[in-house]
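Dear colleague,

Please find the structure below for your own work. My notes on the contact between its chains and on one helix pair follow it.

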Amino acid sequence: MISTQQEKIISLENTSIGYKWKSGSQNIVKSEISVHALKGELVALIGENGVGKSTLLKTIAGFQPTVSGEIRILGKSILNYHEKELALLQSFVSTEIIHVTNLSVFDLVALGRYPHTNWFGKLLASDCDLIEECILNVGLKGYENRLVDHLSDGERQKVMIARALAQNTRIIVLDEPTAFLDLSNKYEIVHILHRLASEKGKTILFSTHDLSTAIAESDRIWLMLNDTVCQGAPEDLILNGKFSNIFPNKQLYFDQERGDFRIRKENKRIATVKGNGLAFEWTIKALIRNGYEIITSSDESCIQVLVEYPEWTIIHKSKPAKFNSILTLCRFLNESDE
Amino acid sequence: MNNRALKVLALFSFLLPVFFIIDLIIGSYYISIPEIFGVLFNPSKAESQTVLIISQFRIPKAITAILSGAALSVAGLQMQTVFRNPLAGPYILGVSSGASLGVALLVLGTGGLLGGAIISTVSSWSIVTAACIGSGLILLLILMISSRIKEIMTILILGILISSAISSIVNILQYFSNESTLKSFVVWTMGSLGSVTNAQLTVLFPSVLVGTLVAFLSSKFLDAFLLGENYARSMGMNVRFARLIVFFSTAILAGSITAFCGPIGFIGIAVPHIARMALQSARHSLLVPASILIGALMMLISDIISQLPGSEHILPVNSVTALLGIPIVIWIIIRNNNRNRL
């Protein structure tokens, strides 16, 4: 067996996170976390709401201390970094939508240069070049003079990522960067993150609820479960069945073939489907959604669906019925069932 | 973009002396422009009465207008940025009333202890110090509240409640004071632009200078505060230190003006918005100077209007600033409501 000996950029070993009160009492959100991330990796942090993803990210970003154990950045405990040193190694993008009037895209990205500039924040020519490059990197070239308040949520999130890039750090931590975005923006943002990690050798850690994009793009997943936190390539976690534990005792189960969650249904009705091609596949999906179990042997007593796109035929009991869409087919099945 | 900002700053720098001269002309006693220039540049040849009016009354009043407009606007700008609240300002969140509480405690409290000290025994410096401490404490109180409550309107209502509570405390203090200290306090509460003497200006001017200078020097902090404290910290800013610096400047600016001119409302809220709109920028290295210029100009205009040119009546300047500022505040509320947020 081969194990990599690369330097751990972020590492936690038996670290407990949570809140310590002045009275001495503490509220441990998650204990005994042992995970790490390497150079050039896109790491997705996944877990149910309230499991402590934000707390973990805030602790790694240095906004709050650990309850016990430590977080190491490049092998050195985060507590031993001065806040300015940390800002040169690690940048942060929060889940909050920033509303500032009359702030241009360029000026917002330029704020990323904060730890590099002098007392007055004077931008040198090299700073300006880097800012332009970061704006280009997230695909917003030409947006420099637009006001941030007039951007869409997706564009705004890209600007925030460009700002983190402009900080020019080895690590970027993002708290749910795709939370408010539509599907295409979700994919685009995660794809940009993946590209930045692999091309620029950055270590990028982000939390998300969107499993399919995380599985498609990330190199490593930190999976926060109720009792433990485990890590691995997304495929490792699919194969060892860990994903199924995200939502225990709920109506969701993890489909190991599709790599996504599905709602558990009680299949009371059975059907056989004949046909081929794409229409055949999607007809099966539609029938499963409507509570049918699909069997292969043709039993005379069950419903038989014949797919001859763009026409569907149901052979059941007496006479066959023809349909020209899956929608009308499903409606017929549901009505005849009642 | 930067060009625009520089043009706007140049325009306001040109308008400021123009309105300064106009403010010197306007008053119950008519003084012509040549006379004014005569007094300003060749006072030995001018009529002594005119010199007296200009040097003892109109120039101190115009300078006070410039100082108070600049100070309140910069205080408002800093509060709006640090609290991330477009409706923050020294008057509306009770910082000005905190200053008056400080002065009330000083005048009425020491007066009571000393058995009837009069206002002259309380020096200008101690009044300014008391006012700045009072406004600084209210800023800390608002900071505590706003760390728990994020809703902008709620903070605003709490600010109004704080102001009312402080006025009540001041009223109670007055009730328990003896006649002579009460009289000196009431005289203080009637303070206005015109009541500031040349001697008091020697206290007011350095206070405002220090406050605005500190604000300008903390431009970079303020820029980072725009994104909120977590972002600011992630960019390597020492949030506690930066907040302390900004609060120091805000307390000095709001406190010293309130100490001498009494509470003046709505300049602090309105001017930063005008500055942001005029410059189309959110960078504080530009917004601080712009707020100084626009604030000073707004106060000069308010003072000119309050003279009711052509009549012998004088309006309280606080009413004029309210009438100028409130439409802008209403516009901010409507604009933000249309976007369904603040």
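Contact here means heavy atoms within 4.5 Å. On that basis, the interface takes 34 residues from chain A and 27 residues from chain B. The model is predicted, so local features need pLDDT of at least 70 and side-chain atom pairs count only at pLDDT 80 or more, while totals for chains, interfaces and linings use all residues. Residues are numbered from 1 along each chain as its sequence is written, and side-chain values use heavy atoms, with hydrogens and water left out.

Buried area is the accessible area (1.4 Å probe) that two parts lose on being put together, summed over both. Between chain B and chain A it is about 2900 Å², with 58% given by carbon and sulfur atoms. Of the area that chain B buries against chain A, B:K220, B:Y231 and B:M235 supply 26%, more than any other three residues.

The count of salt bridges (a side-chain nitrogen of Lys or Arg within 4 Å of a carboxyl oxygen of Asp or Glu) between the two chains is one. A salt bridge joins the side chains of B:R84 and A:E96, at 3.2 Å from N to O.

Within chain B, the axes (lines fitted to C-alpha atoms, for helices over the stretch in contact) of helix α12 (residues 267-279) and helix α13 (residues 284-306) come within 9 Å and cross at roughly 125°. Residues of α12(B), including B:I267, B:V271 and B:L279, meet residues of α13(B), among them B:L286, B:I294 and B:M298.

Yours sincerely

Definitions and conventions
Chains are lettered from A and ligands numbered from 1 in the order in which they are written. Axes are lines fitted to C-alpha atoms, for helices over the stretch in contact, and angles run from 0 to 180 degrees between N-to-C directions. Helices (H or I, at least four residues) and strands (E, at least two) are DSSP runs, numbered from the N terminus.
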